[in-house]
Amino acid sequence: MRLTMIRPALLVLAALALCACATAPPGPPPPPDPKTLMGALETRIAILVEEQRHRLDPKARNLAIDPELSKIARARAADMASKNYLAHAAPNGDTSASLLMKQDEQWQGLLGENLAAQHYTKRSGVTVNEFAQRFLDEWMKSTPHRENMAFVNYDHAGVGAAVNSDTVYVALLFSTDMGLKPRPPEGPANAVTAFESPAAAAAAPPPAAVDPMRLRGTVGAQ
């Protein structure tokens with residue numbers, strides 16, 4: 001009696017052991033969808049830029065994240081991602097400056113823009129901290145990008161990030177009203193004046209009562 005009860009139990013245990021040996025261990029989970037990480041990437045870039053900005057010039061003003069600039073930056077990044085280009089002007093001619101003027105026709109001041117792009121693979125995915133640091137490192141290698149980050153009078157910023165099947169695009173905007181009053185509604189339409197650097201814009205002669213909006217743009221890619 002005892003033997004006939006033990007033997008089937010042993011057979012069952014042996015079968016379970018064989019099944020366990022034949023099952024392959026689970027592989028690592030796939031990386032998260034990069035689209036779900038763009039908000040976190042924007043936040044991390046904003047933090048790193050603010051920290052680096054004060055290292056470059058301790059007198060630099062703190063940057064307030066501006067919803068209006070963030071909306072424009074995201075629109076620019078999304079357009080670049082959908083159309084696979086890296087440039088200050090979209091194929092239809094839109095720029096961050098023109099989008100800002102559409103949103104706020106009376107705004108006057110200095111607008112700066114840093115752009116960049118990084119490739120990724122589906123296997124590696126996007127790592128927020130690593131990608132944010134690479135964007136910052138690339139901007140730091142370029143004098144115009146560095147000047148934008150260090151310009152002491154900028155006090156507002158917006159970050160936009162977007163992704164397609166193999167590339168992450170980022171638009172970083174800076175602005176200051178430079179003490180200019182809003183453009184009178186009855187005055188002529190705003191126009192864009194380009195300067196070689198933020199410092200050159202700040203050193204320009206005092207504007208007239210109605211001064212064109214000034215644009216500072218730089219492009220960078222890894």
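In which sense do strand β3 and β4 pair, and over how many bridges? I found that β3 (residues 156-163) and β4 pair in the antiparallel sense over 8 bridges. I keep in mind that this is a predicted model.

**Entry: around β4**

Across the pairing, Gly160 stands opposite Ala171 in β4.

Next I checked strand β2 (residues 110-119). It runs antiparallel to β4, and 10 bridges join the two. Here Asn114 stands opposite Leu172 of β4.

Then I asked how covered β4 is. I sorted its residues by direction. Thr167, Tyr169, Ala171, Leu173 and Ser175 point one way. Val168, Val170, Leu172, Phe174 and Thr176 point the other way. I noted the general rule: in a regular strand, side chains alternate between the two faces of the sheet.

**Entry: helix α3**

I tested the length of helix α3 (residues 67-83). At 1.5 Å a residue, its 17 residues should span 24 Å. Its end C-alpha atoms are 24 Å apart, so the value agrees.

I looked at both ends. At the start of α3, a side-chain oxygen of Asp66 comes to within 2.7 Å of the backbone nitrogen of Glu68. After α3 comes Asn84, with a positive phi near 55°.

I listed buried residues of α3, among them Leu69, Ile72, Ala73 and Met80. The buried residues of this helix pack against β1 (64-65), α4 (96-103), β2, β3 and β4.

**Entry: salt bridges**

How many salt bridges does the count come to? I got 7.

Arg74 forms a salt bridge with Glu42, and their closest N and O atoms are 2.9 Å apart. This pair links distant parts of the chain: Arg74 is in helix α3, Glu42 is in helix α2 (residues 38-56), and they are 32 residues apart. Arg74 is partly exposed at 42%. Glu42 has 9% relative accessibility, so it counts as buried.

Asp79 pairs with Lys83, again with closest N and O atoms 2.9 Å apart. Both lie in α3, 4 residues apart, about one turn of the helix. Asp79 is buried at 17%, whereas Lys83 is partly exposed at 40%.

Arg134 forms a salt bridge with Glu130, the closest N and O atoms being 3.5 Å apart. They are separated by about one helical turn, because they sit 4 residues apart in helix α5 (residues 128-140). Arg134 is partly exposed at 32%, and Glu130 is partly exposed at 44%.

Terms used:
Residues are numbered from 1 along each chain as its sequence is written. This is a predicted model: local features need pLDDT of at least 70, side-chain atom pairs count only at pLDDT 80 or more; totals for chains, interfaces and linings use all residues. Side-chain values use heavy atoms; hydrogens and water are left out. Buried means under 20% relative accessible area, exposed over 50%, partly exposed in between (1.4 Å probe, protein chains only). Two strands pair if DSSP finds at least two bridges between them. The expected span of a helix is 1.5 Å times one less than its number of residues. Contact means heavy atoms within 4.5 Å. A polar contact is a pair of N or O atoms within 3.5 Å; within protein, one must be able to donate a hydrogen and the other to accept it, and residues adjacent in sequence count only if both atoms are side-chain atoms. A salt bridge is a side-chain nitrogen of Lys or Arg within 4 Å of a carboxyl oxygen of Asp or Glu.
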